[in-house]
Amino acid sequence: MGEKILMKGNEALAEGAIRAGCRFFSGYPITPQNEVPEYMSWRLPDEGGTFIQAESEVAAINMIYGAASTGMRCMTSSSSPGISLKQEGISYCAGADLPFFYANVVRGGPGLGNIAASQGDYHQSVRGGGHGDYRVLVLAPNSVDEMANFPKKCYELAFRYRMPSMILADGILGQMMEPVEFKFEPVDPKSFKEAGWELGLAAGRRKRIVRSYDLREGELEKINAARLKKYREIEEKEVLFEAKQCDDAELVVVAYGTSSRIAAAAVKMARDKGLKVGLFRPITLWPFPKKQLAKLAEKSRKFLVVEMSMGQFVDDVRLAVCGRIEVDLYARPAGIPSGEETFAAVEKSYKSMTPARAAAPAKTAKPKGKPGRPRKKPAKKAGRPAKKTRKGGRR
Amino acid sequence: MYQGIRMSGFGGQGVISAGILLAQAGLLEGKNVSWFPAYGAEMRGGTANCSVVVADDEVSSPIVSRPDTAVVLNEPSLAKFEPMLKPGGLLIVNSSLVNTKPKRTDIRVALVPCNAIAQELGTIKIANMVALGALAGLTGAVSIEAIAKALPKVFKRAKPEILELNVKALKKGAEAKAE
Amino acid sequence: MPEIKVNERLCKGCELCTSACPKQCIAMSDKFSTTGYYPAMLAKQECCIGCGLCAQICPDLAIEVYK
Amino acid sequence: MELVNKWPAGLVEMPLRYCPGCGHGIVHRIVGECLEELGIRERTVGVAPVGCSVFADDYFNCDMIQGPHGRGPAIATGIKRSKPECIVFSYQGDGDLASIGMAETIHSAARSENITVIFINNAIYGMTGGQMAPTTLIGQKASTCPRGRDPKVNGYPIRICELLQSLEGASYLERTSVHTAANAIKTKKAVKRAFQNQIECKGFSLVEVLSMCPTGWEATPLNSVKYIADKMMPLYPLGVYRSPEQREQKEGGAA
């Protein structure tokens, strides 16, 4: 603790997991996450842990299924195509209520795509990812420091709720170097106590079974209903987010991970120019900060989502605000925007806002937009620049 | 203060490690830093480059697409990075290997014979340090002292006499002038 | 007289051809090519027998053999 | 004076993006020449793998498809069964063929799928940065076995030709090398035969080529050549492991 050291994101992630008690890693080479298994291959044996380079991602995730069933703090990591291969195993773990932690250092897709950074795996991550009805806890760091410190949080949540947890990173976060400070003391795996579901030495107790199926009539639904209850509890208690300069913001930029740090630069440029812009950054992508965004939608006039994908993250933002507010999108599918480009998008979105609520407060403004009426009308009246850009955009 | 830097050369010229050294030096001086490699598909050969940001504020994108300063150690890098520089930016050119003259007139240029200077000091392996010294001297992004302090942190297994030689190269580079 | 021509645009200076030449007539240039390598060259033209073994081992198809 | 080694028609005329001293270029040239000399270029479909030779789809001057890691023989099967008049080959590295794609390798051989597999064995993962491969030698260092491959931790290397030898479906199996010009010439003979077998509908053919990876081995190209001769060849002996003639003899004898 204390000292700031310069570390690569992937290595910080691996070290963070080890300090959080990880003693089992299985994986398979794929760029841009290779430093994670490489780091584990020399570091884990020193800690008395196990590193296995599996013959494939499919094998790697099933090694995790086995290790997790013993209560071991285990981990796997991969990048987009490899995570796709692991989805069957992740679904099994979720179906058997096994806690484990994995990381997706996302690259461009679909298919083999490229090895640069992207946020194209958003939907896959927050909707479970594999077959069946389940969720995975998703944390989205936006710095190497968070890459180092989030694994501990992931393990805590995974074991508290007995389910998989993941870090959704990308090629930039994996490959870049930044100062890191480990903000927790290394956890001693010996301090972990059995919870009562772990497989292993059965002497003196009844046998236990880890499985993801129940073929008896009506039973699976009961299990899934219990899981749903657990998910509701998580949505209530475990949401993490960061809001900057949102209190007086007319436009709120919503972004996560790498795009949130680029958005932060754009927000700063906007503030320097006197535009009232704030930044909202979900840290947990599931559970998603729905309520917080809905609340923010009452205060501000417009949202702008910035994402390095086609418009996946924006779906969740729009669901959260339920049409109460206009949500613009600046999408860069497998592209990495600069601060200047993002600012240009912010400025465009800001200038095309509907008339200021400050002039006509929210309550008096409402009746104008009667249900069934086209929402464009108020924009037509006062928002001249908006009219132009929109028309241009439509044609 | 914000310095977005792009360092580029042939694989093996040491631009990647010079970039890490620069970031480490910035960290020692209490600044916000980031380092990001261009990781291509080919493992060896061709041109290598990395982005380094040294700033007082938080670093947004670690990818420097409009550099304040570009260090080019070989010919192909000049063609690639000269057009990307910000107006008024600084271009440090290894004139030992780059014969083409920069074309832009809205930038400052420092022609530094990095290989020749390194050779004089004993080995062309430290040409990257000459370039880094020039960068530190001309931009003030980090001090030569901070880089010297960062050296043993980055090159953990290097012998003291090698580290000393690196410092000599840094100092020699810092004497470079820009036009 | 047989000879070889090395395409400097393709040669990556791996030196495998120097080991394949039975007459040791290939050497490496001491000048960087535009692609950043020290390319191979026919150092002793008179000794080339045009056997083409250098071209057999060249991973970059950089050697043209004339006979 | 006449140019005696024209650029092969089976290869697109462009610089290869492989590292200096990499064996892929030699095998690419050989395959390109075979496509031309056998007159099959215009009816050949190649399958490019994941790994360094993912670029093969650019380089070979025939129809090419690039597929998921390890699934080459399955993709080739689909193509061959849909268009039996085509010559179909799969070009794969050791991670692709002997690790993640092992099931596809074994089962396409077992089905005696009438395809040609070119297998580059350089005992390392190249593109991802020098990780241990299933063919990595005992004691050989790699980025995921930094202390050298230890059989107690990492198990033993896999010999693909020997492994496939037991399968009736495997028609032609040969291991060659490209570390010298003479061996490169032998490799060309083997590759040509592997394509010829497919033309004659003799079933599954695979040529395993021992090849240099100077970058992954952290060696110079010249030392890499020595490494193959001194270290790899004792573990991976060159030679023919199965041939259609052997199979015909056997079947004839049994009947």
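How many nonpolar, polar and charged residues form the lining of the second largest pocket? The lining divides into 15 nonpolar, 10 polar and 20 charged residues. The structure is a predicted model, in which local features need pLDDT of at least 70 and side-chain atom pairs count only at pLDDT 80 or more, whereas totals for chains, interfaces and linings use all residues. Residues are numbered from 1 along each chain as its sequence is written, chains are lettered from A in the order in which they are written, and side-chain values use heavy atoms, without hydrogens and water.

**View 1. The interface of chain A and chain B.** Contact (heavy atoms within 4.5 Å) links 24 residues of chain A with 21 residues of chain B. The two chains bury about 1600 Å² between them, 67% of it on carbon and sulfur atoms.

**View 2. Salt bridge between Lys268(A) and Asp57(B).** A salt bridge requires a side-chain nitrogen of Lys or Arg within 4 Å of a carboxyl oxygen of Asp or Glu. The N to O distance for Lys268(A) and Asp57(B) is 3.6 Å, and the count between the chains is two salt bridges. On the side of chain A that touches chain B, β1 (5–8), α7 (171–175), β8 (177–180) and α9 (257–272) each give two or more residues. The largest share, four residues, comes from α9(A).

**View 3. Lining of the second largest pocket.** Arg261(A), Glu58(B), Val59(B), Ser60(B) and Ser61(B) lie nearest the centre of this pocket, which is lined by 45 residues. The largest share of the lining, eight residues, belongs to α9(A).

Note on methods
Buried area is the accessible area (1.4 Å probe) that two parts lose on being put together, summed over both. On a 1 Å grid over the protein atoms alone, a cavity is a set of points where a 1.4 Å probe fits but cannot get out, and a pocket is an open set with protein on both sides within 12 Å along at least five of seven lines; lining residues have an atom within 4 Å of a point. Ala, Val, Leu, Ile, Met, Phe, Trp, Tyr, Cys and Pro count as nonpolar, Asp, Glu, Lys and Arg as charged, and the others, Gly among them, as polar.
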